[in-house]
Number of protein chains: 2
Amino acid sequence: MALIVQKFGGTSVGTIERIEQVAEKVKKFREAGDDLVVVLSAMSGETNRLIDLAKQISDQPVPRELDVIVSTGEQVTIALLAMALIKRGIPAVSYTGNQVRILTDSAHNKARILQIDDQKIRGDLKAGRVVVVAGFQGVDEHGNITTLGRGGSDTTGVALAAALKADECQIYTDVDGVYTTDPRVVSQAQRLDKITFEEMLEMASLGSKVLQIRAVEFAGKYNVPLRVLHSFQEGPGTLITIDEEESMEQPIISGIAFNRDEAKLTIRGVPDTPGVAFKILGPISAANIEVDMIVQNVSHDNTTDFTFTVHRNDYEKAMGVLKTTAAEIGAREVIGDTKIAKVSIVGVGMRSHAGVASRMFEALAKESINIQMISTSEIKVSVVIEEKYLELAVRALHTAFELDAPARQGE
Amino acid sequence: MALIVQKFGGTSVGTIERIEQVAEKVKKFREAGDDLVVVLSAMSGETNRLIDLAKQISDQPVPRELDVIVSTGEQVTIALLAMALIKRGIPAVSYTGNQVRILTDSAHNKARILQIDDQKIRGDLKAGRVVVVAGFQGVDEHGNITTLGRGGSDTTGVALAAALKADECQIYTDVDGVYTTDPRVVSQAQRLDKITFEEMLEMASLGSKVLQIRAVEFAGKYNVPLRVLHSFQEGPGTLITIDEEESMEQPIISGIAFNRDEAKLTIRGVPDTPGVAFKILGPISAANIEVDMIVQNVSHDNTTDFTFTVHRNDYEKAMGVLKTTAAEIGAREVIGDTKIAKVSIVGVGMRSHAGVASRMFEALAKESINIQMISTSEIKVSVVIEEKYLELAVRALHTAFELDAPARQGE
């Protein structure tokens, strides 16, 4: 008998019919003898509807009050699911974040979980009840309602699993697992049975939008086995867990991630003096623009070039800030490009294998794809290329690192 | 500087525009120096939408879970109003029933308020904030969300006013006060400046649906001055208060109430033995049918006739129960009539005036209206008549008791 935390997202509870289907799924697990805590998002579209209401009052809704409004979305779904379970003869009870209680800091709209009181839930589980908890929300020390920010229901699930020392945290989504790359780009992409937290973090941050990145961090930190599954299809999904290094035959690369949401900005001919990187990125950060890749190469003639990427939505804003900076520090020019794509190979296996990067560059060279930027981490190599080569690059790398599904005979 | 509790119903906060209008009204009071606690209902239609959602899961939604869902309606409006006030430079904060906290019993869907913690609200008022509280909801001692039942926002307003010893509880509605009778029936109907709690109770229970009856009882019990006003029109409204008997010239009758929602059932030729009334009404009550008027006259030939009224929706059900009873106790026959109306004259003044009833009967006789049943209380005389005479009867009584507005010259 295991203790399992199951999280269902907005699409999985988007209609009454879907909620009934979730109830059927939960019922099966319960009847198999598992203790269950179910975390739900709001019905898909509901959170946006509520935010729209608030924005009709004010373009910049008061954060505390926005949380009061937005948190009602999950409050509705948890009670509906509890009802649907009780109708099926499965004792169940719903709890809001405040009722659990999920204590957070007071950063409204993007609060962080500080502590979860597991007493109430343990009592209910002992009494044979399924506990249905509102995701995405909590309460601060003063009793104010808080929300964890978009996608925060995953984090609620993982945090509950950690607090309850659950055997597994299952995240139900609209995909049946984590793939070696996007199957829409590479038809030979394969579902991974297993992936490490670190790999998942790199995959998630690079645009494989299966899981919320904070949830993966949280799961890694507390070592909560996390499983990604399809809400309405059967299957084992993908288990995200610590790197046990037990399998000697694990592939070097787990997957190919990519992202075409970024734009590139370069400031050229920057006088190469200490502190110049801060002078350039400080104003960008102060303007609340998030920076992803940063590349600075060796200088020549005492000047250097400095390139970084931002989300495309922030491109114009970043360009404005950068031009001001360029004038101030006496840089030669500022150029930019929005037609770029980032492609990364990810895998804990590359730690112990030399030549992974060169194999990557070779595969791209074979297809005559020019590399504009390179950045690396322990378990990842990322390159920026011209956007139009994205699909070609991903397919070439998928084959080069032997990730293609074996061709099935007779098909 | 007064402390005022203001309650706005679902129609008053039914759209964003209306919420902005309420904010304007609250702002005016605040700028005049009053301390304000504002109680809100859900946007009109929202509670029904939420109940419909629940009923799609189950015809008989689990009461605890239904409260979790339904309470979200007010949670949205309070935060929207708080935002609208803050936007206008008026410091404001919203509280759910749980946050205040409004402690109730655990009778989900129809809970009763046990206690209100006024500490938080007093602190906010002291700090110059308008406090916006969700009506209709509370929390039980175990932290479960409860609702007070339909129309319960009025009760929340009055209970808060009592707990805070507010100077006045203002109930904003879609009428500009309490009238001597329904102006749609009698064009000469007049707005009352003042009415006593007892009179208001009789008027409310008889179908003048301005205020929730429990709220009036509550206000009377704790002597909270209650004022009914129009949400979006200026005017003094009607003050509901204790009978100070200061005015010698108060009219005998304050108003004419009526009701056409009832049906009449008569069981004839009942053997007149002790306990027969219980034998007849016990099964009706056990079937959860509410009975309004009950009339039993003196017996003849050791048998008696027994008549009572029920809501028309319960007529068929009551008839079935009564026929079974009639067979058991050996009554002669059971008859019924759904085409009836009840008309009542209400006024604390009638306590000290003989002849009020006869004046009523005389007025009806003049119009050749037959009286089918009569029942009286300290401050009320009710008659049941054929439904088609309802308007005629109300107009005749309105004139007979000198309630008509003086004819305005030159109009």
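The model is predicted, so local features need pLDDT of at least 70 and side-chain atom pairs count only at pLDDT 80 or more, while totals for chains, interfaces and linings use all residues. Residues are numbered from 1 along each chain as its sequence is written, chains are lettered from A and ligands numbered from 1 in the order in which they are written, and side-chain values use heavy atoms, with hydrogens and water left out.

**Interface of chain A and chain B**

- Chain A brings 43 residues to the contact and chain B brings 43 residues, where contact means heavy atoms within 4.5 Å.
- About 3200 Å² is buried between chain A and chain B, and carbon and sulfur atoms give 65% of that area; buried area is the accessible area (1.4 Å probe) that two parts lose on being put together, summed over both.
- The rule finds 2 salt bridges across this interface, a salt bridge being a side-chain nitrogen of Lys or Arg within 4 Å of a carboxyl oxygen of Asp or Glu.
- Arg49(A) and Glu46(B) form a salt bridge through their side chains, at 4.0 Å from N to O.
- On the side of chain A that touches chain B, at least two residues each come from helices H1 (16-31), H2 (46-57), H3 (63-70), H4 (72-87) and H5 (97-100) and from strand S3 (92-95) of chain A. Helices (H or I, at least four residues) and strands (E, at least two) are DSSP runs, numbered from the N terminus.
- H4(A) gives the most to that side, with 11 residues.
- By class, that side has 24 nonpolar, 12 polar and 7 charged residues. Ala, Val, Leu, Ile, Met, Phe, Trp, Tyr, Cys and Pro count as nonpolar, Asp, Glu, Lys and Arg as charged, and the others, Gly among them, as polar.

**Salt bridges in the whole structure**

- Over all chains, the search finds 44 salt bridges.
- One of them joins the side chains of Glu202(A) and Lys380(A) at 3.4 Å, N to O.
- This pair links distant parts of the chain, 178 residues apart: Glu202(A) is in helix H8 (residues 197-205) and Lys380(A) in strand S20 (residues 380-386) of chain A.

**Four-stranded sheet of chain B**

- An open sheet of 4 strands runs in the order S13-S18-S20-S19 (chain B) with antiparallel pairing; two strands pair if DSSP finds at least two bridges between them.
- Strand S13 (255-259) and strand S19 (373-377) of chain B are the edge strands, each pairing on one side only.
- S19(B) and S20(B) (residues 380-386) run antiparallel and are joined by 5 bridges.
- Ser377(B) is placed opposite Lys380(B) in S20(B).
- Helix H12 (residues 356-366) of chain B lies across S18 (340-346), S19 and S20 of chain B, at about 20° to S20(B). Axes are lines fitted to C-alpha atoms, for helices over the stretch in contact, and angles run from 0 to 180 degrees between N-to-C directions.

**Eight-stranded sheet of chain B**

- The order of this open sheet of 8 strands is S3-S6-S2-S1-S9-S11-S12-S10 (chain B), with mixed pairing.
- Strand S3 (92-95) and strand S10 (194-196) of chain B are at the edges with a single partner strand each, so one side of each has no neighbour in the sheet.
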